[in-house]
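Q: I'd like to zoom in on one part of a protein and really get to know it. Could you walk me through it step by step?

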Amino acid sequence: MNLQVNDRIKTFPNSRATIFWADGSVTRLSEKTSITITSLEVSKDLSSVQIRFETESGKTWSNVIRSLLPDSFFEQSYDNGTYVATVRGTVFEVNLEKDYAHAVKHGISIRNTKQNTETEVLQ
């Protein structure tokens, strides 16, 4: 199924979902997870990749396969947009059930939009 901005994906108990983004990146949704796509623009030549989704509940695991160019982004927001995980070519997970973000490879940046602060989460 092709996804669009404002699409909401929800998994139920004992179910999972996998999103294969147009740039080749992958996001897996664990059971009882809900996300909404808020930005989804990928140029045909992959020179511009703008992927953003809001996580309302649950746990996600993402593999962003490429380093992104300066005008590109892959972002996952959570806690009603208070936190934004920004990545460039890494594997990471966000678990709202246990309240953590974890970088598996390389690192991620967590921006607090209310306090205007940024924290680096290393591998």
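In what sense do strand β6 (residues 59-63) and β9 pair, and over how many bridges?

A: Keep in mind that this is a predicted model. Strand β6 (residues 59-63) and β9 run in the antiparallel sense, and five bridges join them. Take S62: its bridge partner in β9 is F92.

β6 and β9 belong to an open sheet of five strands, ordered β2-β3-β6-β9-β10, with antiparallel pairing. At the edges sit β2 and β10 (100-105), each of which pairs on one side only. On average, neighbouring strands in this sheet are turned by 15° against each other, if you ignore direction.

A search of the whole structure turns up five aromatic pairs. One of them is W21 with F53, a stacked pair at 5.8 Å centre to centre, with 20° between the planes. W21 is in the loop between β2 (17-20) and β3 (26-29) while F53 is in strand β5 (residues 49-57), so this pair ties together parts 32 residues apart in sequence. Both W21 and F53 are buried.

Then there's F92 with F74: the ring centres are 6.4 Å apart and the planes sit at 85°, so this pair counts as edge-to-face. It links distant parts of the chain, with F74 in strand β7 (residues 73-78) and F92 in strand β9 (residues 91-95), 18 residues apart. F74 counts as buried because its relative accessibility is 0%, and F92 is buried too, with a relative accessible area of 0%.

Definitions and conventions: Residues are numbered from 1 along each chain as its sequence is written. This is a predicted model: local features need pLDDT of at least 70, side-chain atom pairs count only at pLDDT 80 or more; totals for chains, interfaces and linings use all residues. Side-chain values use heavy atoms; hydrogens and water are left out. Rings of Phe, Tyr and Trp (its six-membered ring) pair if their centres lie within 6.5 Å; planes under 30 degrees apart count as stacked, over 60 as edge-to-face and the rest as tilted. Helices (H or I, at least four residues) and strands (E, at least two) are DSSP runs, numbered from the N terminus. Buried means under 20% relative accessible area, exposed over 50%, partly exposed in between (1.4 Å probe, protein chains only). Two strands pair if DSSP finds at least two bridges between them. Axes are lines fitted to C-alpha atoms, for helices over the stretch in contact, and angles run from 0 to 180 degrees between N-to-C directions.
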